[in-house]
Amino acid sequence: MNSGLYPETLPPCFVSKDAKRAFHGLVGALDGNKFHERKTEYVRYSGTKHDGSRRFFGTPNIVSYFHVSSFIWKNWGHFEANYALSSYSIGTPKIMDEGEERAIKVPSLSELSKRASKNLRYAPFVLKADIAQCFPSIYTHSIAWAAHGIEESKLDTNKDSSSNFFNALDFFVRNGQRGNTRGVLVGPDAYRLIAEFVLSKIDDELSKVVGDMVVGAVRHVDDYYIGLRTEHEAQSVLSHLREVLATFELNLNDQKTKIHSSLDPINDLWAQRLRDHMNFFEFHLAHNRLERGITEAVTSARDLGSDSPIKILFRSFDEVRVYNSPGWDFGEQNIQRIVQKHPHAIDYACLLVAKRKARGLAVDTEGWLAVAEIVVRRSLALNHHHEAIWLVWLLFVCDIPVPVPMVEELAKSKNAHIRALLAQAHVDGKLTRKPKLALGARLSSVDANWLVNLVARSQEFSKAAFSGLYTDEFEHLASRHIKLIDFEDHINRIRPQDRRAISRTRYGYDDDEDDDWGMEEGEEPGF
């Protein structure tokens with residue numbers, strides 16, 4: 001709970017590392033009341049996808065999430081046992097050390113091609129299958145099914161069952177999403193662990209049915225690559241996979257499921273070619289090399305209808321520390337234009353600019369304010385939270401004054417992430433004029449405004465009393481001044497020269513190393 005409450009797609013000022021301290025003195029009472037039916041809302045967050053579509057993430061009520069997190073911690077051995085059932089998964093979560101930016105790390109997609117090549121062995125055919133809407137489709141009752149078996153679980157559905165004790169986790173999950181049984185939240189780390197728990201059991205059930213037909217297989221979260229000897233066997237395994245998934249109330253995405261030659265590359269060739277153009281280290285050229293890389297990324301993004309090439313470009317900028325180089329001005333102007341057309345990369349862009357600011361170097365305040373005014377206005381009208389909140393965060397951490405009209409429009413948003421950000425910014429002196437959040441005389445502890453309400457009370461933005469089923473718990477947390485938004489934590493973390501702007505432990509790509517880039521302290525790239 002200290003590092004896995006929020007979706008990682010939120011700006012890094014959203015932190016929960018203070019939870020352990022703030023919950024001190026409350027745990028006993030929470031454990032005693034854990035089976036009380038207290039349903040809560042979560043805070044939705046409209047995020048981007050690489051192809052221009054949207055995805056909803058969620059931040060669960062912090063007290064509801066306590067029960068989910070506590071159950072997983074107390075029963076971690078059972079989770080590990082279920083993960084071990086799968087001979088296919090390469091996405092088993094890794095528990096991070098205390099103090100890391102996330103509680104867990106899921107192996108990145110870069111692992112897929114390496115592991116697939118090994119596991120698929122000599123197989124001439126590959127069945128590529130994708131679970132449709134995996135997290136939003138997981139049936140919460142299937143959590144107990146994966147632990148105790150489907151028939152056994154259906155015979156005993158008591159939430160406090162001593163034999164089918166994973167019924168409790170089903171109950172806790174449902175309590176944190178208004179009692180809904182369909183789907184688990186996308187974003188918080190506990191739900192990644194739960195999804196992998198269920199999917200590992202599905203792998204085991206599939207393996208029992210298909211037996212030796214499978215030469216080898218890999219699964220990364222909800223994507224399967226299964227090696228087979230013949231096309232007929234591939235069709236048979238596909239049929240069995242559909243049946244096993246159906247027993248767990250899941251389905252395949254037919255548009256992304258197909259049988260193809262094992263010679264077809266798993267990694268897209270465009271990505272491999274683009275990374276070659278991004279190899280700035282090797283060439284140590286100046287403006288023309290930077291311009292070529294930008295052109296290649298933008299052209300690829302346009303041709304593919306995807307923002308993924310832009311994210312590769314921005315990660316390459318991070319690798320060579322473009323924010324420290326003489327080429328920054330040219331790069332910054334292009335970044336400003338790019339983010340208005342490629343919203344899925346807006347987080348990486350903001351992180352690059354924040355890194356430069358953290359290093360004490362100048363940023364184009366006038367240009368970024370203009371970009372923010374364009375993008376925030378459009379995003380608020382469309383309820384596109386991701387774009388609005390990242391650019392507002394950037395204005396705050398770069399000490400760029402936010403115009404009063406923009407604050408007024410942001411304050412009208414119904415999204416608690418945005419409203420909580422404004423409340424904390426005012427408390428921290430980043431907004432001299434108090435935003436009109438219209439919190440009311442009673443602050444709900446259970447609806448979708450729980451986050452802004454808790455931030456407002458704990459940081460003394462509001463003196464209103466709490467209401468709802470978690471009134472006592474929220475009063476306790478507020479009295480201990482729990483900190484759920486911290487603008488300085490991330491800036492202090494990335495200020496050292498050898499820290500990346502785009503954290504690998506938070507955003508999870510390439511490998512586990514986050515500190516050693518192969519450059520010595522003070523060494524500059526050749527721009």
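Mentor: Axes here are lines fitted to C-alpha atoms, for helices over the stretch in contact, and angles run from 0 to 180 degrees between N-to-C directions. The model is predicted, so local features need pLDDT of at least 70 and side-chain atom pairs count only at pLDDT 80 or more, while totals for chains, interfaces and linings use all residues. Residues are numbered from 1 along each chain as its sequence is written, and side-chain values use heavy atoms, with hydrogens and water left out.

Trainee: Okay, what makes H7 and H10 oblique to each other?

Mentor: The axes of H7 (residues 141-148) and H10 (residues 189-210) cross at roughly 50° and come within 9 Å. Under 35 degrees is roughly parallel, over 145 roughly antiparallel, 65 to 115 roughly perpendicular and the rest oblique. The H7/H10 angle falls in the rest, so the pair is oblique. The elements themselves are DSSP runs: helices are H or I with at least four residues, strands are E with at least two.

Trainee: Which hand does the crossing of H7 and H10 have?

Mentor: Left-handed: the near helix is turned anticlockwise from the far one by less than a right angle (clockwise would be right-handed).

Trainee: And which residues of H7 and H10 meet?

Mentor: From H7 you get Ser-142, Ile-143, Ala-146 and Ala-147, and from H10 Ile-194, Phe-197, Val-198 and Lys-201, where contact means heavy atoms within 4.5 Å. By class that contact has six nonpolar residues, one polar and one charged.

Trainee: What makes H3 roughly antiparallel to H9?

Mentor: The axes of H3 (residues 62-74) and H9 (residues 167-175) cross at roughly 155° and come within 8 Å. That is over 145, so H3 is roughly antiparallel to H9. Their crossing is left-handed. Ser-64, His-67, Val-68 and Phe-71 of H3 meet Ala-168, Leu-169, Phe-172, Val-173 and Asn-175 of H9, which gives six nonpolar, three polar and no charged residues.

Trainee: Now the sheet. How do you know that S5 and S8 pair?

Mentor: Two strands pair if DSSP finds at least two bridges between them. S5 (residues 125-130) and S8 are joined by four and run antiparallel, so they qualify. In one of these, Lys-128 is partnered with Lys-258 of S8.

Trainee: Why are S6 and S8 called edge strands?

Mentor: The open sheet has the order S6-S7-S5-S8, with antiparallel pairing. S6 (214-220) and S8 (258-261) each have a single partner strand, so one side of each lacks a neighbour in the sheet. Neighbouring strands are turned by 20° against each other on average, direction ignored. H10 lies across S6 and S7 (223-228), at about 170° to S6.

Trainee: Last one: what makes Lys-17 and Asp-489 a salt bridge?

Mentor: The cut-off is a Lys or Arg side-chain nitrogen within 4 Å of an Asp or Glu carboxyl oxygen. The closest N and O atoms of Lys-17 and Asp-489 are 2.6 Å apart, so the pair qualifies. Lys-17 sits in the segment before H1 (19-22) and Asp-489 in H24 (residues 487-494), so the pair ties together parts 472 residues apart in sequence. The structure holds 26 salt bridges.

Terms used
Nonpolar A, V, L, I, M, F, W, Y, C, P; charged D, E, K, R; others polar.
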